[in-house]
Amino acid sequence: MSDLSDRILSVTIAENPPDRLDKALARDVPEEAALSRSRLARLLAEGAVRRDGTVVDNPKARVAEGEVYDIALGPAGTVETRAEDIPLNVVWEDDDLIVIDKPAGMVVHPAPGSHDGTLVNALLHHCGDTLSGIGGERRPGIVHRIDKDTTGLLVVAKSDRAHHGLARQFEKHSVNRRYLALVHGVPDANDPRLHGVKGTSFEPGGILKITTQLARHKTDRQRQAVLFHGGRHAVTRVRVLQTFGEPPAAALVECWLETGRTHQIRVHMAHAGHGLIGDQTYGGRRKLSPRALGDAGAEAAAAFPRQALHAATLGFIHPVTGEGLEFESPLPADMAALLVTLGGV
């Protein structure tokens, strides 16, 4: 991403692009730029998209891998989202950044059906007039997101200069993001089934590596799907921390991201056959065995109301001061209680 002091965003078309410009830009615009498809369509129609200095306003124009498009975002406008006095668990804050430990049930950014009660609503109230103009609106600089029912850490930019620097770190995949998850089964290097799952491999130390492409599901726009051609490159690594049951039927795992795609951990773990406990979107109807875990453990897992996923570690370089920062968040109460019921400590 270029320096947005002149409000210009440069987008490079990745491999295997869609057959028309609007779809290619929607795919390849960095998520942290927070440009919706409707806003991209308006920018195209307004002549705000250029290639090699020439305006390209035809959404159906053909594109090629490696082409660079410059999008003039224009001056920041006033956001229509209203500020709301919602309590926040602020882990760290200065003039440029704020780190939040997000609870389950809170949407990060307003969307159809979730206009109020979001993290952005809360930040507009908490930060007031100190927020900068990002993505064409005067609002918090959201450089990454976690799902509504995922708990844990995320960093938000309060100034333009912080937003640019954080965005570059996320683009370069240099941010340390580690998640804790409770999953069905145990991702074991000795499991012959896993060696037959396309896109999975094992690294030294029994680390499971999942490498695929991800894109929106063709028929269900709320889901992501694993692909091996097209879509966006996605890499997740997984380490088993603890197993539960006899024989082992569930595991506490640590997942860390080389890339950060929508629902990445959830869809990757499901692809590997180890979907997250409580994940109604990707976990299917799989149930844990009472014989292995006891009735209490199996019932607690079946009743868990959300995906058992927590953003536990967040580390990055402060984009203004250059200081290395790393934050840890303990398991939330519901996951900690489930772990104990499953037989953990």
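Ala311 is located in strand β18 (residues 309-317), strands being DSSP runs of E of at least two residues and helices runs of H or I of at least four, numbered from the N terminus. The structure is a predicted model, in which local features need pLDDT of at least 70, side-chain atom pairs count only at pLDDT 80 or more, and totals for chains, interfaces and linings use all residues. Residues are numbered from 1 along each chain as its sequence is written, and side-chain values use heavy atoms, with hydrogens and water left out.

With a relative accessibility of 2%, Ala311 is buried (under 20% relative accessible area; exposed is over 50% and partly exposed in between, with a 1.4 Å probe and protein chains only). Beyond neighbours within four places in sequence, Ala311 contacts Ile146, Thr150, Thr151, Gly152, Leu153, Arg178, Tyr179 and Ser329, contact meaning heavy atoms within 4.5 Å.

Glu84 occupies the loop between β5 (77-78) and β6 (90-93). Glu84 is likewise buried, at 13% relative accessible area. Residues up to four places away in sequence not being counted, Glu84 touches Asp116, Gly117, Asn121, Ala122 and His125.

Helices α1 (residues 21-28) and α2 (residues 37-45) pack at about 130°, their axes lying 10 Å apart; axes are lines fitted to C-alpha atoms, for helices over the stretch in contact, and angles run from 0 to 180 degrees between N-to-C directions. Helix α1 is therefore oblique to α2 (angles under 35 degrees are roughly parallel, over 145 roughly antiparallel, 65 to 115 roughly perpendicular, and the rest oblique). In this packing, Leu21, Asp22, Leu25 and Ala26 of α1 meet Arg37, Leu40 and Leu44 of α2.
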